[in-house]
Amino acid sequence: MRFLQRTAVATAFCCGLLALTGCPDKTSGPSPDSGVADAPEVPKPPPPTTFALRSLAPDAGLVEISLEPGEKPVIEPTTTLELTASRGLRNYRVRLFDAAERAMVSDDVAEESETGLVYRIVLPQPLKTGFEYTLVVDAQTGTAFTDTLGRDVEELRTTFLIAGEKEKPALPPASAKKKRR
């Protein structure tokens, strides 16, 4: 009988120890009542400012133009380009250049909202078929421009090609005063 009493006491003792130490499966850590505060969560920084470029196609509406580096997308002749930025921009300029690096004449409209920037370039005549054009977004003054959060934004430079055969330059009109031999 003493043996059974000792076994019962030993069993009770072991159960008591397990109750005090907790289950071995559980991870140890500060309990909610221990007075140790959790470290505050560090907010994730917002994603970087991104750009998207679209052209107005005659029958298809706005069509996306790839901005992947090294890629030269082919688009239909257009008179309207639309650049969007995921945030507003400060100290920036947007320019469209022809193949000879001359700035194109255009009517530009910038609209800024909570969702970012929409910049429309409206050209007086369609871009010429077979020619390359380069869109550049860079700093108006100095070497850097920023988004509305004050973060520096990387310059955007993208080149695209207008679909179709290269237009031949018009021949000069024949001179009326040619000398006859």
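The model is predicted: local features need pLDDT of at least 70, side-chain atom pairs count only at pLDDT 80 or more, and totals for chains, interfaces and linings use all residues. Residues are numbered from 1 along each chain as its sequence is written, and side-chain values use heavy atoms, with hydrogens and water left out.

**The core**

Select Phe51, Leu83 and Phe160, the residues with the most contacts inside the largest nonpolar core, which has 25 residues. A nonpolar core here is a set of buried Ala, Val, Leu, Ile, Met, Phe, Trp, Tyr and Cys residues joined through side-chain atoms within 4.5 Å. Buried means under 20% relative accessible area, exposed over 50%, and partly exposed in between (1.4 Å probe, protein chains only).

Next, show the strands β1 (51-57), β4 (80-85), β6 (92-97), β8 (116-122), β9 (132-139) and β12 (156-162); each supplies at least two residues of this core. The largest share, four residues, comes from β9. Strands are DSSP runs (E, at least two residues), numbered from the N terminus.

Centre on Phe51. Leaving aside neighbours within four places in sequence, its contacts (heavy atoms within 4.5 Å) include Leu67, Leu83, Leu89, Val137, Phe145 and Leu156.

**Asp147**

Move to Asp147 in strand β10 (residues 145-147). Asp147 is buried, at 2% relative accessible area. Not counting residues up to four places away in sequence, it touches Thr49, Arg87, Gly88, Leu89, Arg90 and Val153.

**Salt bridges**

The whole structure has 11 salt bridges, each a side-chain nitrogen of Lys or Arg within 4 Å of a carboxyl oxygen of Asp or Glu.

Select Glu132 and Lys72, whose side chains meet in a salt bridge at 2.7 Å, N to O. Glu132 is in strand β9 and Lys72 in the loop between β2 (61-65) and β3 (74-75), 60 residues apart. Glu132 is partly exposed at 31%, and Lys72 is partly exposed at 45%.

Then take Glu82 and Arg120, with their closest N and O atoms 3.1 Å apart. Glu82 is buried at 9%, whereas Arg120 is partly exposed at 27%.

Go on to Arg90 and Glu112, a salt bridge of 2.9 Å, N to O. Arg90 lies in strand β5 (residues 89-90) and Glu112 in strand β7 (residues 107-113).

Finally, select Arg54, Glu64, Glu82, Glu111 and Arg120 together: salt bridges that share partners join these residues into one network.
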